[in-house]
Amino acid sequence: LCSNSNIKLFNFIFMKSLNFLSILLIFTIIQCNPVDAQNQIRTLVGRLENDSTVLTVDIPKMLSTYNSTLLKMSNIDAKFSDISIKTTNDKQYFLVFKGSSYVSSFLVIEEKYQLFAYSGISCTTSDCASEQFGCTPKVSGVACWPCSNKGKCTKTVSNRSLID
């Protein structure tokens, strides 16, 4: 029963099973921790009135907070001076920070006429700062859509709000 070949067979099966279980565990962990927009940190930034967006934040405070946070976390000294909520043709919303050289955006969703920015992920660029949105976060919250010119885009992610 405990011959050398049986022990080798047992070890082989055990190691293969252990490797399989390890891989299965890793995939399970990944599936149980999705990084999607529904799990992101949200900040109330505005509301919809008569199909128009209205920004409802303390603009100087939010500019100061985000400029400081972006410099600290991504080493980007953007010197943003303006914030707005922009709407795409297909009714997608973005909170857009603009400065003379940079543009940065956050995905915004509408719930019962209130507009919430997913404030834990931003996408920032200087390569296409003249574009309306710059590079933008994907709905999944995993990556940024590139600029139309494929310029550099920096994704900044935090487990806390970048703008509060």
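Q: Why is Ser105 called buried?
A: In this predicted model, Ser105 has a relative accessible area of 0%, and buried means under 20% relative accessible area, with exposed over 50% and partly exposed in between, for a 1.4 Å probe and protein chains only, so Ser105 is called buried.

Q: Which residues is Ser105 in contact with, leaving aside its neighbours within four places in sequence?
A: Among them are Phe94, Ile121, Phe133 and Cys135, where contact means heavy atoms within 4.5 Å.

Q: How do you know that strand 4 and strand 5 pair?
A: Strands are DSSP runs of E with at least two residues, numbered from the N terminus, and two of them pair if DSSP finds at least two bridges between them; 6 bridges join strand 4 (residues 93-98) to strand 5, and the two run antiparallel, therefore they count as paired.

Q: What makes strand 5 mostly covered?
A: In strand 5 (residues 103-111), 7 of its 9 residues are buried.

Residues are numbered from 1 along each chain as its sequence is written. Local features need pLDDT of at least 70, side-chain atom pairs count only at pLDDT 80 or more, and totals for chains, interfaces and linings use all residues, while side-chain values use heavy atoms, with hydrogens and water left out.

Key
Helix = DSSP H or I, 4+ residues; strand = E, 2+ residues; numbered from the N terminus.
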